Amino acid sequence: MTILSFAELAEKCKAQNKAIYEIAQDEEACLSGDSIDVIRLRVLEDLLAMKQAVKNGLKSTEKAISGWCGDDCVKLPERFKKRAALFGKTFEKITTYALATAEENLRMGRIAACPTAGSCGIVPSVIIAVAEEENISEAEQINGLLTAGIVGLLVSNKVQLAGAVAGCQAECGVASAMAAAALTQMLGGDTNEIIQAAALAMKNILGLTCDPVCGLVEVPCIKRNAFLAVHAVTAAELALCGVESKIPLDEVVDTLKITGQLMSPLLKETSQGGLAKTKTALALEEVLFKK
Ligand code: SF4
């Protein structure tokens, strides 16, 4: 990877008069030695895997071994049939698809980690739902996914994308920034707007802890996917209106890293703090381990 920061990415886009997704595919071509066509085909495969995960998740109500989760996504369309969501069809689809994918993950179904398995519902739900509702072409969805990919890659060069290293801000938070960037690309945003969308999304999840109940990627992980998918849309919409983060994205990423370092180990995937140590979580733990 020849680019190490978002500032460099923006400079390269300007110098070469290219979009972020074009730089992403150029970089991938350089690293892999594959042609752009081959790279785009691989991204299409990922996109199709994401769509299949949504389909599978929508069909299933099978619960995880814990017995706690797995049947929430089917509740949403039932409700929306009776009363449309306040934010309309796109909101309905994003939240439903995010839960469908995250529930598929807990059943050990096939998902695309994006950037991690715990946060696998955020990027796909935003890309797929908006593409369906806005009639966005497959090529443009691939452009969105490439954009999301380079955002995740540049962040991962500085911070390991793992709850155990920097809390959930480094998983669902980064996924939300990736989704915001993808969506901004798909809706016609320029380089600056895409970077601003990612900055706005990331800036507003800093400090998000990782405290999974019983160490399972279920509570709070599954529902968090739906929340942070919608968060990504807010960031993209604001960026497309010209709203900018006063703190540049590179500095927001540095802050995410430092915040992760400052975070207590009790809140970094050890299940020794936060929601994992609530009275209810401890009772669930007792029942689960008796099973
Ligand atoms: S809470 Fe922890 S385990 Fe769950 S998605 Fe976030 S980082 Fe992953």
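Trainee: What is the handedness of the crossing of helix 5 and helix 6?

Mentor: In this predicted model, helix 5 and helix 6 cross in a right-handed sense. A crossing is right-handed if the near helix is turned clockwise from the far one.

Trainee: How do you describe the packing of helix 5 and helix 6 in numbers?

Mentor: Two packed helices are described by the angle between their axes and the distance between those axes. For helix 5 (residues 88-106) and helix 6 (residues 122-134), the axes come within 8 Å and cross at roughly 145°.

Trainee: Which residues of helix 5 and helix 6 meet?

Mentor: From helix 5 come Lys-89, Thr-90, Lys-93, Ile-94, Tyr-97, Ala-98 and Thr-101. Helix 6 contributes residues including Ile-122, Pro-124, Val-126, Ile-128 and Glu-133. By class, this contact has nine nonpolar, three polar and four charged residues.

Trainee: Where is Pro-115, and what is the peptide bond from Cys-114 to Pro-115?

Mentor: Pro-115 is in the loop between helix 5 and helix 6. The bond from Cys-114 to Pro-115 is cis, with omega near 5°.

Trainee: Why is Glu-269 called buried?

Mentor: Glu-269 has 22 other C-beta atoms within 10 Å. Glu-269 is in the loop between helix 12 (249-262) and helix 13, and its phi is near 70°, a positive value in a residue other than glycine.

Trainee: Why is Asn-17 called exposed?

Mentor: Asn-17 has 7 other C-beta atoms within 10 Å. Exposed means 12 or fewer, so Asn-17 is in that class. Phi of Asn-17 is near 55°, again a positive value in a residue other than glycine, and Asn-17 is in the loop between helix 1 (6-16) and helix 2 (20-32).

Trainee: What makes Gly-215 partly exposed?

Mentor: Gly-215 has 13 C-beta neighbours inside 10 Å. Gly-215 is in the loop between helix 10 (191-203) and helix 11 (221-240). Its C-alpha is separated by 7.9 Å from that of Ala-276, 61 residues apart along the chain.

Trainee: How do you know that Gln-196 is buried?

Mentor: Gln-196, in helix 10, has 26 other C-beta atoms within 10 Å. With the cut-off at 20 or more, Gln-196 is therefore buried. Gln-196 touches Ala-239, Glu-244 and Ser-245, not counting residues up to four places away in sequence.

Trainee: What makes helix 13 lie largely in the open?

Mentor: Of its twelve residues, one is buried, so helix 13 lies largely in the open.

Trainee: How does the reach of helix 13 from its first C-alpha to its last stand against what is expected?

Mentor: Helix 13 (residues 279-290) reaches 17 Å, close to the 16 Å expected at 1.5 Å a residue.

Notes: Residues are numbered from 1 along each chain as its sequence is written. This is a predicted model: local features need pLDDT of at least 70, side-chain atom pairs count only at pLDDT 80 or more; totals for chains, interfaces and linings use all residues. Helices (H or I, at least four residues) and strands (E, at least two) are DSSP runs, numbered from the N terminus. The expected span of a helix is 1.5 Å times one less than its number of residues. Axes are lines fitted to C-alpha atoms, for helices over the stretch in contact, and angles run from 0 to 180 degrees between N-to-C directions. Two residues are in contact if their C-beta atoms, placed from the backbone, lie within 7 Å. Ala, Val, Leu, Ile, Met, Phe, Trp, Tyr, Cys and Pro count as nonpolar, Asp, Glu, Lys and Arg as charged, and the others, Gly among them, as polar.
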